[in-house]
Amino acid sequence: MPERLKVGVIGCGNIFNLAHKPALKAMRKTIKVVAVMDINEEAAKKAGKELNAKVFTNLDEFLEQDMDVVEILTPTYTHAELTIKALKAGKHVIVEKPIALTIEEAGKMIKEAEQQGLKLFVGHVRRFDKRWRQIKEVIKSRNILPMQIRKTEVQHLPFPADYWYWDESKSGGVVIDLGVHVTDFLRWFFESEPVEVFAIGKAIRGEARVNKTYDHVVMFIKFEGDKTGIAEVSWSYPLPAKYGVFYHHLDIIGKNGRIRYTPLDTPVVGVVKSTFEMPRFSPMLSTFPEAFEAELRHFFECIKSDCEPVVTARDALIALYIAEKARESIRKGEPVKLEVM
């Protein structure tokens with residue numbers, strides 16, 4: 001394996017520009033982006049210019065390039081097809097969360113990686129955010145022994161009703177797209193497996209009602225050891241910010257103590273000019289950009305050293321499985337049992 005990995009990027013849209021592009025630029029001494037691909041030629045050309053990489057709009061031509069690893073930063077419904085094609089072309093893959101639209105697709109992706117002897121990483125970036133890692137260390141060092149965790153991640157989705165996020169057949173809706181962050185978080189913090197989920201969904205905004213999807217979901221998840229996770233995810237919060245600021249809340253109740261953390265991604269003061277503004281600490285809304293760089297550095301090192309990542313494709317599969325069963329619970333109006341994956 002060469003010292004400087006050759007990287008290709010598929011998808012030059014929002015998450016690329018906000019998170020992955022700055023991270024890749026910061027790692028130029030250890031990796032080289034050799035090719036970028038997007039069906040939007042203008043977006044691909046802009047990315048290629050900024051990263052000094054070859055530009056493609058055709059997937060087959062892109063995959064013919066000499067690359068060690070491909071990053072897939074495209075809408076959820078494309079993840080499985082693109083990942084499998086990249087693996088068949090002999091490339092390791094880093095794909096953004098959710099791993100796929102369904103657990104069946106995710107299973108095929110994992111199986112293909114195993115058959116090809118290649119690595120498949122999924123971008124569950126919360127595991128690389130220093131805030132959550134520090135809190136998890138406090139849990140261990142202070143012997144908190146969590147029994148109930150409530151995790152809230154809410155925002156005001158800024159996209160119009162015809163955008164793919166609102167189409168449940170493409171994004172999975174808020175319970176999949178945003179929910180996998182929290183289902184993975186709860187399993188990570190509890191260090192135990194889920195056994196049952198009950199969920200309630202609401203269509204609050206007009207965009208959700210038009211698309212017959214839910215934009216606000218609460219999940220109650222039972223874990224082994226009589227542990228309870230409460231997950232609230234929403235695209236419907238009318239937060240006072242121009243770009244739909246993310247809001248987090250974490251409340252951990254344990255046998256030996258409690259931890260409560262409520263980070264607002266805006267300061268407590270506002271700026272009044274011609275309009276009222278609340279500047280963000282981070283342009284990423286939900287996490288800090290350094291977390292994406294830490295994530296990618298870790299994944300690239302796992303490729304070089306042939307080691308197991310801190311978050312595996314199976315972890316991503318289980319996070320999706322819980323969220324998928326939560327959606328089933330909403331439809332049925334009753335709890336759904338979870339099997340060991």
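Trainee: In this predicted model, is strand 2 (residues 31–37) largely enclosed or exposed, and why?
Mentor: Buried here means under 20% relative accessible area. Six of the seven residues of strand 2 are buried, so the rest of the structure leaves strand 2 largely enclosed.

Trainee: In which sense does strand 1 (residues 5–10) run with strand 2?
Mentor: Strands of a sheet pair through backbone hydrogen bonds, in one of two senses. Lys 6 stands opposite Lys 32 in strand 2. Strand 1 and strand 2 are joined by six bridges, and the sense is parallel.

Trainee: Which residue in strand 3 (residues 54–56) does Met 37 stand opposite?
Mentor: Strand 2 also pairs with strand 3, over three bridges in the parallel sense. In strand 3, the residue opposite Met 37 is Phe 56.

Trainee: Which helix makes a β-α-β unit with strand 2 and strand 3?
Mentor: Strand 1, helix 1 (residues 14–26) and strand 2 make one right-handed β-α-β unit. Strand 2 and strand 3 also belong to a right-handed unit, and its helix is helix 2 (residues 41–51).

Trainee: Which are the edge strands of the open sheet of seven strands?
Mentor: The strand order is 12-11-7-10-9-8-15, with mixed pairing. An edge strand pairs on one side only, and this holds for strand 12 (257–261) and strand 15 (336–337).

Trainee: Which residue in strand 15 is the bridge partner of Glu 196?
Mentor: Strand 8 (residues 194–202) and strand 15 run antiparallel, joined by two bridges. The partner of Glu 196 in strand 15 is Lys 337.

Trainee: At about what angle to strand 8 does helix 12 (residues 313–332) run?
Mentor: Helix 12 lies across strand 8, strand 9 (216–223) and strand 15. Its angle to strand 8 is about 55°.

Methods. Residues numbered from 1 in each chain as written. Predicted model: local features only at pLDDT ≥ 70, side-chain atom pairs only at ≥ 80, totals over all residues. Heavy atoms only, no water. Buried < 20%, exposed > 50% of the residue type's maximum accessible area, 1.4 Å probe, protein only. Helix = DSSP H or I, 4+ residues; strand = E, 2+ residues; numbered from the N terminus. Pairing = 2+ DSSP bridges. Right-handed = clockwise from strand over helix to strand, strands pointing away. Contact = heavy atoms within 4.5 Å. Axes fitted to C-alpha atoms, helices over the stretch in contact; angles between N-to-C directions.
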